[in-house]
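Hi,

Here is the structure I promised to pass on. Have a look at it first, and then read my notes below.

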Amino acid sequence: MEQLPGGRRLRLASSLGLGQRCWEVTLDDERGLLAWRDPRPPRRGADNCFVPTSEIIAVEETELNKKQRSIGKWQKMAKPHAFTVYYVKKARNHRWRCRDVTFWCADEILCNQWIQALKELLEMQTCRPKQLLVYINPYGGKRQGKRIYEQKVAPLFSLASISTDVVVTEHANHAKDNLFEVNINKYDGVVCVGGDGMFSEVMHGLIGRMQKDSGIDQNNPKAPLVQCNIRIGIIPAGSTDCVCYSTVGISDPVTSALHIIIGDCQPLDVSSVHQNNTFLKYAVSLLGYGFYGDVLKDSEKKRWMGPMRYDYSGFKTFLSHHYYEGTISFQPAKHTLGSPRDKDSCRTGCYICKESERQLAEQRKKCGFKHEDEEEWKVIKGKFLAINVVNMCCACPRSPKGLSPAAHLADGSADLILVRKCSRFDFLRYLVRHTNKDDQFDFSFVDVYRVKSFQFTSKLSEDNESSVTDIGKKHFGQFCRDHPACCCNIANSTWNCDGETLDSSAIEVRVHCQLMKLFARGIEENCKDEAAYSHSSVEQLL
C-alpha cells in the first residue's frame with residue numbers, strides 16, 4: 001500500500017477470495033475506483049468489474065456461513081475472514097440498484113486493513129448526508145407512501161448509517177408549517193415521500209423559512225431571494241412525479257434513495273409568482289394557463305377517479321377547445337447560452353447551466369437588480385389555447401421528452417410556450433408531439449421564448465380595469481370556441497402552478513437562478529447495464 005503526502009491512500013492491492021476463486025482486488029483512491037478481476041487468461045464472458053468509490057454505499061465485516069466456508073480452498077481455513085461492499089449498480093433507463101460483493105481472505109489483519117481503508121474513504125465523502133428530516137404523505141397517489149418508505153427506503157438509509165427523523169403528515173401544509181418551527185440546522189437535508197404536491201409543500205416551507213430567517217419580504221417581487229443550501233430529496237410516491245422524473249430520469253423510489261445516500265447535488269431554478277405585490281406561489285416545473293389550467297381545474301372535481309381523472313378531464317377540455325385573450329410581457333434571457341430549439345438537453349454536469357449561471361452573476365454584478373428591471377421587455381397580445389412556462393423539460397413516462405425538451409434545470413431561465421388559437425386538429429397534432437421525438441415547436445401557431453421574467457394580464461382584466469379578485473366574482477361572455485355561434489360564460493382560465501390551481505388571471509413571474517438544491521445528479525447521458533468492463537480495460541486500471 002502506497003500513500004500520498006498527508007497520509008492519503010494511493011493504492012491498495014491484494015489477492016482476495018471471491019466465490020470459488022482468487023481475484024485481484026485494487027482500491028485506487030487517486031482514480032477513485034474499486035476494481036476486481038479474474039487473473040486467469042481472459043475468456044468470453046469473464047467478469048472484470050470496477051465501481052467508482054463515490055458510488056460505494058457501505059462496507060461491513062461479514063461472518064461466513066458453513067455453506068460458504070465449505071467451498072474449495074476455504075475448507076482448509078479454521079476461520080476465513082470476509083467483508084462485504086455494498087455499491088450502486090446502474091441498469092437500463094437510469095434505474096439504480098444496491099448490489100453487494102463479498103471478499104474473503106485468510107489474514108485477519110489484511111481483512112481489517114481493507115475494511116478500515118474503505119470506511120475511511122466513505123468518511124471522506126463529505127457531501128453525504130448523516131441526518132435527514134423525512135416527511136411522508138400517506139394520502140398521495142395510491143396511498144402507498146408510508147409502505148414505500150418503510151420497505152424500500154428506510155433499510156437503505158440504515159445500511160448507509162443515515163439517521164432520520166420521520167414525520168407522517170396529517171393534513172395539507174403540515175410539512176410546510178413544521179419547517180418553520182424545527183431546528184433546521186441539525187439536518188443535512190429534507191426528504192419528501194409523495195408526489196409533486198408534497199415536494200412543492202416542502203419547497204415552500206424551506207424557501208419561506210430561509211427568507212424569514214434572512215429578513216427577506218417574499219411579497220416584494222423584485223427582492224433577491226436567499227439561496228436555500230439545504231438539499232431536498234424526493235422519494236416518488238404520487239400520482240405525478242414530474243420533478244423526480246425530470247431530475248433523475250426515472251420515478252423509482254430505490255433509485256431516488258440511492259441518489260440521496262450518495263449525496264448528489266443538483267441545483268434547481270425556482271420561479272416566484274406574484275400578483276399586485278402579493279406573493280402567491282413558487283413553481284419549479286409548470287405554470288400553465290388555458291388548456292393545462294382547465295384540465296387541472298376540472299380534474300380537481302373528480303379526485304375520486306384517481307389518476308384516471310387526468311385522462312378524462314384532458315379529453316373533455318380538448319373537446320371544449322377554449323381559447324383566451326391576453327397580453328404577455330417578458331424579458332428575454334440574454335445570459336443563457338442555449339435556446340429552446342437547440343436540442344441540447346440538460347444532463348449531468350450541464351455546461352450550459354454552469355456557464356449561464358456565471359454569466360447571469362456577472363450581469364447582475366455590473367448592473368444590479370434595479371437596472372436589470374429596466375432591460376428590454378417584449379409584448380405579445382393574442383388569443384391563446386395554452387400559455388405554458390416551464391423551468392424544466394417536464395418529462396414523464398407519457399411524455400419522455402417533456403413540454404420543452406431543451407429546457408435547463410439551473411440556467412436562470414424558463415421557456416415560455418405560446419400556443420395560439422388554431423383548429424382542434426392542429427392542436428391535437430401539437431399535443432401528440434409531446435409523446436414522440438418530433439420537434440415540439442415546429443408549428444406556425446406555436447412560439448417559444450427563453451425568458452427570465454414575464455407578466456400576463458387577461459383581456460377581461462384590461463377591458464374592465466378592475467382587480468383580478470373582482471373579475472373572478474363576475475361573469476363575462478366571450479366567444480371561446482372555433483364556432484362563433486357558440487358563446488359561453490368562461491371569464492378566465494386558471495393557472496396550473498405545479499399541479500395546484502391559481503385563480504389569478506394577472507400574474508408576475510421571476511426566475512431565481514439555482515435557488516434550490518436537490519439530492520439528484522441530473523439525467524446521465526449514458527446508463528450502463530452493469531458496472532463491468534472488458535478484461536483489457538480493467539487490466540489497464542490494475
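Two strands count as paired here if DSSP finds at least two bridges between them. By that rule β16 (residues 324-332) and β17 pair in the antiparallel sense, over seven bridges. Within that pairing, Tyr324 sits opposite Phe384 of β17. Before going further, keep in mind that this is a predicted model.

**Strands around β17**

β17 covers residues 378-390, and strand β15 (residues 286-290) also pairs with it, antiparallel, over five bridges. There, Tyr289 has Ile387 of β17 as its bridge partner. Strand β18 (residues 414-420) is another antiparallel partner of β17, with six bridges. Which residue of β18 stands opposite Ile387? That is Leu418.

Strands β7 (residues 81-90) and β8 (residues 96-105) run antiparallel to each other and share ten bridges. One of the pairs is Ala82 with Trp104 in β8. The two strands form a hairpin with five residues between them, and in the turn Asn93 has a positive phi of about 60 degrees.

**Helix pairs**

Two packed helices are described by the angle between their axes and the distance between the axes, so that's how I went through them.

Take α3 (residues 145-159) and α7 (residues 253-262): their axes come within 10 Å and cross at roughly 30 degrees. Angles under 35 degrees count as roughly parallel, and α3 and α7 are therefore roughly parallel to each other. The crossing of α3 past α7 is right-handed. On the α3 side the contact involves Ile148, Lys152, Val153, Leu156 and Phe157, and these meet Pro253, Val254, Ala257, Leu258, Ile260 and Ile261 of α7. By class, the residues in this contact of α3 with α7 are ten nonpolar, no polar and one charged.

Next, α8 (residues 291-299) and α9 (residues 308-320) have axes that come within 8 Å and cross at roughly 130 degrees. That angle makes α8 oblique to α9. Here too α8 passes α9 in a right-handed crossing. From α8 the contact uses Phe291, Asp294, Val295, Asp298 and Ser299, and from α9 it uses Arg309, Tyr310, Tyr312, Ser313, Gly314, Lys316, Thr317 and Phe318. How do the residues of the contact of α8 with α9 divide? Five are nonpolar, four polar and four charged.

α9 also meets α11 (residues 424-433), with axes that come within 10 Å and cross at roughly 145 degrees. Phe318, Leu319 and Ser320 of α9 make this contact with Arg424, Phe427, Leu428 and Leu431 of α11. The classes for α9 with α11 are five nonpolar, one polar and one charged. Note that Phe318 takes part in the α8 contact and in the α11 contact.

**Where to be careful**

The chain has a mean pLDDT of 85, with 84% of its residues at 70 or more. Where pLDDT is low, the predicted coordinates should not be read in detail.

Cheers

Methods:
Residues are numbered from 1 along each chain as its sequence is written. This is a predicted model: local features need pLDDT of at least 70, side-chain atom pairs count only at pLDDT 80 or more; totals for chains, interfaces and linings use all residues. Side-chain values use heavy atoms; hydrogens and water are left out. Axes are lines fitted to C-alpha atoms, for helices over the stretch in contact, and angles run from 0 to 180 degrees between N-to-C directions. Helices (H or I, at least four residues) and strands (E, at least two) are DSSP runs, numbered from the N terminus. Angles under 35 degrees count as roughly parallel, over 145 as roughly antiparallel, 65 to 115 as roughly perpendicular and the rest as oblique. A crossing is left-handed if the near helix is turned anticlockwise from the far one by less than a right angle, and right-handed if clockwise. Contact means heavy atoms within 4.5 Å. Ala, Val, Leu, Ile, Met, Phe, Trp, Tyr, Cys and Pro count as nonpolar, Asp, Glu, Lys and Arg as charged, and the others, Gly among them, as polar. pLDDT is the predictor's confidence in each residue, from 0 to 100.
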